[in-house]
Amino acid sequence: MPKGFSFWLQMISLAVAVLLLSVHPWDWRVGLASGLGLLVVAGGWMRTQIRRLERQHRERAAREQLELLSLQRHDWLNHLQVLLGFTTLNKAERIAPYLQELVKRLDIERVSSQVEPPELALKLALLNRDHPEWHWVVEVGEELGPLKRNAADRIGWILEQTATWLKPFAGEAGEVKELYLQLSGYQGGFLLQFRPEGEEKYPTGEWQQLREKIKACGGEAMLRDSGRFFDIRVPSERNT
């Protein structure tokens, strides 16, 4: 980001004040004046930097919201195209079940958006944007209360690692399979259940790599249904 005139003026003033404090041969009055000037300049510089960081934060938040709106718009266009297809093909009997399923998914998203802290809720909401290899259907157990920051950070990290690990097992280009993910609570911690669509089973070596990553974060990964599905348990408190 280009620096403005006021920024460089503050930097030059700060450098001059530091130089005077370091090498001046005069009495304490000059040192006091230089010190006060240094504090004023430093305060102005800090205020400028804080404002710049706040502006960058607002811009980043706005970009994330625009990307989320774009993703939602894309999803709704897809739904409308499906409904128009049913109408064109004279399959009106399929419209009501499709709308019922859509309402169900919207209710699932509503519950997911209420997860605390909000950083984890946002990560769940952006899975389809950040990992588009799958069509993520996310469900959060209503019994899940607000999470402690440490637990939420570990769940977010495990979720990111697992989503990245799952990328090679997605469908072929142009084919997006569905992946059902449920986050719920259990006695002593939290449970992430991954249910990818398809018959894919995971090579032993690659599965072991994911298990080791989860274990390093204090979690435990377990295969289900003959290796097609898997669960990840995350203790509420990490053992040290």
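Predicted model: local features only at pLDDT ≥ 70, side-chain atom pairs only at ≥ 80, totals over all residues.
Q: Which residues line the largest cavity?
A: To be in the lining, a residue needs an atom within 4 Å of a point. By class, that gives three nonpolar (Ala, Val, Leu, Ile, Met, Phe, Trp, Tyr, Cys, Pro), three charged (Asp, Glu, Lys, Arg) and one polar (the others, Gly among them). The names to look up are W134, P196, E197, G198, E200, Y202 and R228.

Q: Which residues are the closest to the centre of the largest pocket?
A: A pocket is an open set of points with protein on both sides within 12 Å along at least five of seven lines, and the largest pocket has a volume of about 970 Å³. Its lining takes in 31 residues, which split into 18 nonpolar, eight polar and five charged. Closest to the centre sit D75, E109, N128, H135 and W136.

Q: Which element gives the largest share of the lining of the largest pocket?
A: Helices (DSSP H or I, at least four residues) and strands (E, at least two) are numbered from the N terminus. Those supplying at least two residues each are α2 (28-88), α3 (95-112), α4 and β1 (134-140). The largest share, nine residues, is from α2.

Q: How many charged residues are in the lining of the second largest pocket?
A: About 170 Å³ of space lies in this pocket, lined by E64, P118, E119, L122, K123, L126, R129, D130 and E160. Helix α4 gives the largest share, four residues, and α5 (127-130) also supplies at least two. Three of the lining residues are nonpolar and none are polar, while the charged ones number six.

Q: Are α4 and α6 roughly parallel or antiparallel?
A: Helix α4 (118-125) and helix α6 (149-166) pack with their axes 9 Å apart, at an angle of about 15°. Angles under 35 degrees count as roughly parallel and those over 145 as roughly antiparallel, so this pair is roughly parallel.

Q: Which residues of α7 make the contact with α6?
A: The axes of α6 and α7 (204-216) come within 10 Å and cross at roughly 170°, so the two helices are roughly antiparallel. Contact means heavy atoms within 4.5 Å, and by class this one has six nonpolar, two polar and two charged residues. On the α6 side you'll find W157, I158, Q161, T162 and W165. Facing them from α7 are E206, W207, L210, K213 and I214.

Q: Which residue has a positive phi although it is not a glycine?
A: Look in the loop between β4 (220-224) and β5 (229-235). With a phi of about 50°, the residue is D225.

Conventions:
Residues numbered from 1 in each chain as written. Heavy atoms only, no water. Axes fitted to C-alpha atoms, helices over the stretch in contact; angles between N-to-C directions. Parallel < 35°, antiparallel > 145°, perpendicular 65-115°, else oblique. 1 Å grid on protein atoms, 1.4 Å probe; cavity = no way out; pocket = protein on both sides within 12 Å on 5 of 7 lines; lining within 4 Å. Points joined across faces, edges and corners; volume = space filled by probe spheres on them.
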